[in-house]
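Please have the sequence and the model open while reading.

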Amino acid sequence: MSPGSFHASVEATEEIRISVIIPTLNENAVIQQCLKALSSNRLSKTAFEVIVVDNGSTDATVETVRQFQALHSLKVISLKRVHISALRNRGAAEARGKILAFLDADCLALADWLTNALRLFEDHGEGIIGCHYQIPDDATWVGRVWCQNRLTERVGNVSYVPSGDLLIDRELFFQVGGFDESLQTNEDFEFCQRVIAAGFTVKSYQELRVVHLGTPRTLLGFYKKQRWHGTHVFAVFLRDPRKRKNLRPVLLSVYTLGCLAGLISGVLWGIVSSRWGIPTVFVAMLVLPIMAIAVWRSASLRKWSDVLPLTLLYLVFGLARANCLLKYKTWTTA
């Protein structure tokens, strides 16, 4: 065991079946709620273990985690200055369970999360299972509109599930090579795509939903979240463009960036010439296709009141991902 690690003195009375792996970095504000929710899980406490892999937190995260050692078979591993994918891989290497359950520190697992996972693996022998996040009850319009419109078709076979709610057989995890430690973000999508390429399924089940406390509450928070998530989206796409991984977000990034470049150029021309036709065209090119998508998505859910909020969210999403494209070289050399 590495320095800074410890193991709870819980005497196991049955075989560990599931290892819950939680990466952390300065998560003191939420980790207590995460571990408290796990302690209320219906699966026997001796049938699962919790492995917290900390990335050098400077707050009280590790001390808070240690308070739960009486409730869980619990291990804390300390690393520093690595990507979150490396934290998850290290947790998997330490795991004793046949099933690896990756959970983020700002996610609350419902009481039947682990029992449902065992049932689904036994009934279907899945590759990867999980679910896209459920928003908290006090979510603002930002989280409500965005998640409602994105989750409607994400049931059954999907291209990926987020790594904050992802479960996989331990042998399969190592068979496909684990998470790519060179990726700072988008590692969940890239990992799921490798599992699919290996001939296994990735499925989303509502029974495995977890509540995501990190759901953005403001437009600025949404922009920052999408800018972060988009960090390595382009890098994954460029590895093999023929497979078209991340094609849609990459195309949106390129299109938004082109429209912004045209708009800025048009404004400069308008200042010089007092002719504003060019910037007007680029504003229309930027907004109208996004609004058309928002209308189509809102119509499919019969939520016409969401058209304008969803248009705004799509626009902010495109701006955030265009920013990622501009910073691509910076991200890849960091």
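## Ile31 and helix 1

Leaving aside neighbours within four places in sequence, Ile31 is in contact (heavy atoms within 4.5 Å) with Ile22, Thr24, Thr61, Thr64, Val65 and Ala105. Ile31 belongs to helix 1, residues 28-39. Helices here are DSSP runs of H or I with at least four residues, strands are runs of E with at least two, and both are numbered from the N terminus. With a relative accessible area of 0%, Ile31 is buried; buried means under 20% relative accessible area, exposed means over 50%, and partly exposed lies in between, for a 1.4 Å probe and protein chains only. Between Ile31 and Leu108 there are 9.4 Å from C-alpha to C-alpha, with a separation of 77 residues in sequence.

## Basis and overall composition

The model is predicted: local features need pLDDT of at least 70, side-chain atom pairs count only at pLDDT 80 or more, and totals for chains, interfaces and linings use all residues. Residues are numbered from 1 along each chain as its sequence is written, and side-chain values use heavy atoms, with hydrogens and water left out.

The protein chain contains 13 helices and eleven strands. It has 334 residues, and 50% of them count as buried. Of the contacts between residues at least 6 apart in sequence, 80% join residues at least 24 apart.

Strand 5 (residues 99-103) is largely enclosed by the rest of the structure, because five of its five residues are buried. In a regular strand the side chains alternate between the two faces of the sheet. Strand 5 has both faces covered: Ile99, Ala101 and Leu103 are buried on one side, and Leu100 and Phe102 on the other.

Pairing of two strands requires at least two DSSP bridges between them. Strand 2 (residues 18-24) runs parallel to strand 5 and is joined to it by four bridges, with Ile18 opposite Ile99. Strand 9 (residues 165-169) pairs with strand 5 in the antiparallel sense over five bridges; here Leu100 stands opposite Ile168. A further parallel pairing, over six bridges, links strand 3 (residues 48-54) with strand 4. In that pairing, Leu74 of strand 4 is the bridge partner of Val50. Strand 4 covers residues 73-78 and has five of its six residues buried.

## The second largest pocket

Rolling a probe the size of a water molecule over the atoms shows where empty space is left. On a 1 Å grid over the protein atoms alone, a cavity is a set of points where a 1.4 Å probe fits but cannot get out, while a pocket is an open set with protein on both sides within 12 Å along at least five of seven lines. Grid points are joined across faces, edges and corners, and a volume is the space filled by probe spheres set on the points.

The second largest pocket has a volume of about 160 Å³. Eleven residues line it, and Lys98, Ile99, Leu118, Phe121 and Asp169 lie nearest its centre; a lining residue has an atom within 4 Å of a point. Helix 4 (residues 113-124) gives the most to this lining, with three residues. The lining divides into four nonpolar, one polar and six charged residues. In this grouping Ala, Val, Leu, Ile, Met, Phe, Trp, Tyr, Cys and Pro are nonpolar, Asp, Glu, Lys and Arg are charged, and the others, Gly among them, are polar.

## Cysteines

How many disulfides are there? The count is zero, where a disulfide is a pair of cysteine sulfur atoms within 2.5 Å. The closest cysteine sulfur to that of Cys107 is in Cys34, at 7.2 Å, which is too far for a bond. Cys107 is buried at 0% relative accessibility, and Cys131 is buried at 2%.

Pro136 lies in the loop between strand 7 (128-130) and helix 5 (141-151) and is buried, with a relative accessible area of 12%. Not counting residues up to four places away in sequence, Pro136 touches Val211, His212 and Thr215. Ser253, in helix 10 (residues 247-273), is buried at 7% relative accessibility. Its contacts, leaving aside neighbours within four places in sequence, are Arg321, Ala322 and Leu325.

Asn26 has a positive phi, near 55 degrees, in a residue other than glycine. Asn26 sits in the loop between strand 2 and helix 1 and is partly exposed, with a relative accessible area of 36%. Asn186 also is not a glycine and has a positive phi, of about 65 degrees. The loop between helix 6 (170-175) and helix 7 (187-197) holds Asn186, which is buried at a relative accessible area of 11%.
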